[in-house]
Amino acid sequence: MATPYQDRKLPDPMLNVGDERYFEAAGQGKLLLKKCNDCKEVHHFPRAICPFCFSTKLDWVEAKGTGTIYSYSVTRRAGPIPYCIAYVTLDEGISVLTNIVDCDLDTVKIGQKVKLTFKKTENGTSMPMFVLA
Ligand SMILES: [Zn+2]
């Protein structure tokens, strides 16, 4: 059996104040993370306050765009088109909730190496997703 990846309509993200830079970079093919200048921890999705130490001294850093599948699920009942939702642990050490795209979804496995790609939402916003490396 195979479950070929098919593009589906992606909802537009809800923009919070401060997210502009993140989506601007995504449009240029870059995944940005936030790094705390006080505790040095990296996090995603970007927040205005460090989720580890509540510092507001945060800088944007660009992710390398490579990682490993930590967990995944192929969703077959949520809509007409199956898709693969996954937690990918980036090489920076943090996990992001994302989609695995452009492959036979039946070949996705925990521990596989993946790399960054982007898919556009309905209004043209680029969303970071991953392909098998
Ligand atoms: Zn911190």
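Modeller: Asp 106 and Arg 76 form a salt bridge, their closest N and O atoms lying 3.1 Å apart; the term denotes a side-chain nitrogen of Lys or Arg within 4 Å of a carboxyl oxygen of Asp or Glu. The pair links distant parts of the chain, with Asp 106 in the loop between β6 (95-100) and β7 and Arg 76 in the loop between β4 and β5 (83-90), 30 residues apart. This is a predicted model, in which local features need pLDDT of at least 70 and side-chain atom pairs count only at pLDDT 80 or more, while totals for chains, interfaces and linings use all residues. Residues are numbered from 1 along each chain as its sequence is written, and side-chain values use heavy atoms, with hydrogens and water left out.

Colleague: How many salt bridges does a search of the whole structure find?

Modeller: One of them joins Lys 57 to Asp 38, at 3.8 Å from N to O. Lys 57 lies in the loop between β2 (42-43) and β3 (58-62) and Asp 38 in the loop between β1 and β2, so this pair ties together parts 19 residues apart in sequence. Asp 7, Asp 102 and Lys 119 are linked in a network of salt bridges. For the whole structure, the search gives a total of five.

Colleague: How many residues apart in sequence are the parts that Lys 9 and Glu 122 tie together?

Modeller: Lys 9 and Glu 122 form a salt bridge with their closest N and O atoms 3.7 Å apart. Lys 9 lies in the segment before α1 (20-27), and Glu 122 in the loop between β7 (113-120) and β8 (126-132), so the separation in sequence is 113 residues.

Colleague: Is Tyr 70 buried or exposed?

Modeller: Tyr 70 is placed in strand β4 (residues 66-75). Exposed means over 50% relative accessible area. Because its relative accessibility is 57%, Tyr 70 counts as exposed.

Terms used: Helix = DSSP H or I, 4+ residues; strand = E, 2+ residues; numbered from the N terminus. Buried < 20%, exposed > 50% of the residue type's maximum accessible area, 1.4 Å probe, protein only.
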